[in-house]
Amino acid sequence: MPNMSLKKNEMPSQEPNVRNKNFLEVALGYTEEQALDEAARCLNCKNHPCVSGCPVQVKIPEFIKKITEKDYEGAYQVIHETSSLPAVCGRVCPQETQCESKCIRGIKGEPVGIGRLERFVADWHNANVQEAPAKPTPNGHKVAVIGSGPSGLTCAGDLAKNGYDVTVFEALHLAGGVLVYGIPEFRLPKAIVQKEVDGLKALGVKVETNMVIGRVVSIDELMSEYGFEAVFIGSGAGLPMFMHIPGENLCGVYSANEFLTRINLMKAYKDGSDTPIMPLQGKKVAVVGGGNVAMDAARCSKRLGADVYVVYRRGMEELPARHEEVEHAIEEGIVFKTLNNPVKINGDEKGYVSSMTCVEMELGEPDASGRRRPIEKVGSEHDLPVDCVIMSLGTTPNPLIKNTTPGLEVNRKGGIVVNEAGLTSHQNVYAGGDAVTGAATVILAMGAGKLGAKSIDEALSK
Amino acid sequence: MYRIVKKEALKPTVTLYEIEAPMVAKKAEPGQFIILRVDENGERIPITIHDFDREKGTVTIIVQTIGATTEKLRHKAEGEYIQDFVGPLGRPTETEGKKKVCVVGGGVGCAIAYPVLKKFHDCGAEVHAVVGFKNKDLVILEDKFRAASSVLKLMTDDGSYGEKGLVTDALKELIDAGNQYDEIFAIGPAIMMKFVSKTTEPYGIPTTVSMSPIMVDGTGMCGGCRLTVGGETKFACVDGPDFDGHKVDWDESLKRGKMYFDWERHKYEETCNLFSKEVQ
């Protein structure tokens, strides 16, 4: 008998007032009992609409059925057939707009907690199964993957499983891309990312860190001199955007990328780290922007002891961040100053931020994006005293690969142009993830990595 | 891990390291930089390339001990390894098509000025050099500079060697003596580059400076190295590190460079104490 409760099993979490002072994971994961109870809410309905909501088409009802049978490893294998990073996706996917938004249990009540179940299964596997994956038989083809974020890891994993000799090139000193430099420890423990990377290495994937492709070696050279028959570009989002308002280069103004990299990749919040970050204990921080990255920056600032504002020019309804992230941020004591837009950052005589001048906004008619256009309220200028400003406004594609790969076509915004197979204007060069779409989600990048691997396989096995 | 093939103390606080990094050596050009991390907890610091040997597969850097990271590096012996070494980063200096140039180097910045100067020389330009140091004890690379330049002005702040005075004094003298430079190229402390730019501006001589702001990833991702050039925000790691010295907002760059000053001083002391304890 299915469990007809209208509500999902709640996710056990650290108390807001405890977790906002540490970097440990916020959500603690279902217990076995909770997972069984939640899995029983799935009706295993005929059309399984949830699957169509998943960018990598995880066979959701099938894995949930395995949970109800207490075959957790079986459930893991079902997920792993189509998703290379279950423990990551179970944590950072926006399930509420994907699989769970299609769940028929959501029509009357809450959908099945698919993401939470995925995480349960992946964590169970990581804790209980120690098998070394069988190394596939080599097929003799060499492929280079540029970037070790979600798209690159997925592409590399799928190719390696098919016997390809895959080398992943990472510009930073640690593999994982945005999963290590961008997403904080408290949302995605780095040990999980490391485990996924180690899993790929066990499959025979080579990971070369400290390799800035375009500078140290070009894509053309990878193919002509190093014998790679195909290349997948998953180099991710690029340069952080700024507002171009006065005072933006004062000391204490960070891009969210820089702030998060110092914390997540460089561990600047830990005593032993040699990387500095502004001391924020007792200070005031304004994070400008309303996306998931803004929430991450705000919640990190809070954990460093600051009073934190999120300054966003539209309203609460329009925040692009996941609802869950916003909720978590509010619980942790972050103050949302919506309908506010910075016009100037003011500094002291030493060049450090002292305040930010904002104007109030009101919402007018919907604009091209379908969201109501924010309009400045005349005479509403006011100063917000802050010591640090974190600009979280999105990114523009990194021009490095484009500039060093003659003939590689990019669109008006600088994103690499690909066809429906993920193929760029360059023969045997594929691309996917944020480098193509601009900043998007982990799971979309994984979908693109999968497509790239499939297309490369088709092209090279001909 | 990257092996220190050769380590040579040029001065008590200035050390040359030749690092095994064949891929970097293969592509390096004058004006580009690398980012290194000494150990697992290390910060990423950008250092401009002094020299490279494509055949041997090595890259040479000259580093002044100024903080915790450079102090840790100084304690690495020849034959030992450093954690990370990535590059070449940034755009190479444009050295083609110049008839006559003057290269100005200040302090340890001379380590970087030299390969640029040599490249100008190799490209067929007549090269003058002005190099400045605090005092005689800190003079480096004099022979190398002399070999690649037709005029060398060596300045010390206290007059203990060469001529007494600032590099800007010598530069002005050379310009006023009628030397027609296509370009002035300055590398050194930001304050020196600022005043070189101020010196050449009235003469309208194109002046290129090599900026070394605070940086994290070095690939354009963090924007920490941004500066204002001609009213526009530029990233030193991808747009530079060379910029038009007449257009750089110097006061802003000087202030940004000091952002972590207190923290760095504290960390440096802590590191020095740690090493002296180990010795005891």
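Q: In which loop does Asn428(A) lie, and what makes its accessibility class what it is?
A: In this predicted model, Asn428(A) sits in the loop between helix H16 (400-404) and strand S16 (429-431) of chain A. Its relative accessibility is 22%. Buried requires under 20% and exposed requires over 50%, with partly exposed in between; Asn428(A) therefore counts as partly exposed.

Q: What makes the phi of Asn428(A) worth noting?
A: The phi of Asn428(A) is positive, about 60°, although the residue is not a glycine. Most residues other than glycine have a negative phi.

Q: How do you know whether Gly290(A) is buried or exposed?
A: Gly290(A) has a relative accessible area of 5%. The limit for buried is under 20%, and Gly290(A) is therefore buried. This glycine is in the loop between S7 and H14 of chain A.

Q: What does Gly290(A) touch beyond its neighbours within four places in sequence?
A: Gly290(A) is in contact with Met295(A), Tyr312(A), Leu319(A), Pro320(A) and Ala321(A). Its C-alpha atom is separated by 8.9 Å from that of Met316(A), 26 residues apart along the chain.

Q: Why are H14(A) and H15(A) called roughly parallel?
A: The axes of helix H14 (residues 292-303) and helix H15 (residues 323-331) of chain A cross at roughly 20° and come within 10 Å. Angles under 35 degrees count as roughly parallel, and H14(A) and H15(A) are therefore given that description. Their crossing is left-handed.

Q: Which residues make the contact of H14(A) with H15(A), and how do they divide by class?
A: H14(A) contributes Asn292(A), Met295(A) and Arg299(A), while H15(A) contributes Glu325(A), Val326(A), His328(A) and Ala329(A). By class, there are three nonpolar, two polar and two charged residues.

Q: What makes up the contact of H2(A) with H4(A)?
A: Ala35(A), Leu36(A) and Ala39(A) in H2(A) meet Ile64(A), Ile67(A) and Thr68(A) in H4(A). These divide into five nonpolar, one polar and no charged residues.

Q: Which residues touch the most other members of the largest nonpolar core?
A: In this core of 70 residues, they are Ile60(A), Phe63(A), Leu117(A), Val166(A) and Ile456(A). Helix H18 (residues 442-460) of chain A gives the most to the core, with six residues. A second, separate core of 52 residues includes Val212(A), Val386(A), Val229(B) and Phe243(B).

Q: What surrounds Phe63(A), not counting residues up to four places away in sequence?
A: Phe63(A) touches Val58(A), Ala75(A), Val78(A), Ile79(A), Ile114(A), Leu117(A), Glu118(A) and Val121(A).

Q: How do you know whether Met361(A) is buried or exposed?
A: Met361(A), in strand S11 (residues 353-366) of chain A, has 8% relative accessibility and so counts as buried, the limit being under 20%. Its contacts, leaving aside neighbours within four places in sequence, include Arg313(A), Leu339(A), Pro374(A) and Ile375(A).

Q: What is the geometry of the peptide bonds from Gly87(B) to Pro88(B) and from Gly240(B) to Pro241(B)?
A: The bond from Gly87(B) to Pro88(B) is cis, with omega near -5°, and Pro88(B) lies in strand S8 (residues 84-89) of chain B. The bond from Gly240(B) to Pro241(B) is also cis, with omega near 10°; Pro241(B) is in the loop between helix H7 (236-239) and strand S17 (242-244) of chain B. Most peptide bonds are trans.

Technical notes:
Residues numbered from 1 in each chain as written. Chains lettered and ligands numbered in written order. Predicted model: local features only at pLDDT ≥ 70, side-chain atom pairs only at ≥ 80, totals over all residues. Heavy atoms only, no water. Axes fitted to C-alpha atoms, helices over the stretch in contact; angles between N-to-C directions. Helix = DSSP H or I, 4+ residues; strand = E, 2+ residues; numbered from the N terminus. Parallel < 35°, antiparallel > 145°, perpendicular 65-115°, else oblique. Left-handed = near helix turned anticlockwise from the far one by under 90°. Contact = heavy atoms within 4.5 Å. Nonpolar A, V, L, I, M, F, W, Y, C, P; charged D, E, K, R; others polar. Core = buried A, V, L, I, M, F, W, Y, C linked by side-chain atoms within 4.5 Å. Buried < 20%, exposed > 50% of the residue type's maximum accessible area, 1.4 Å probe, protein only.
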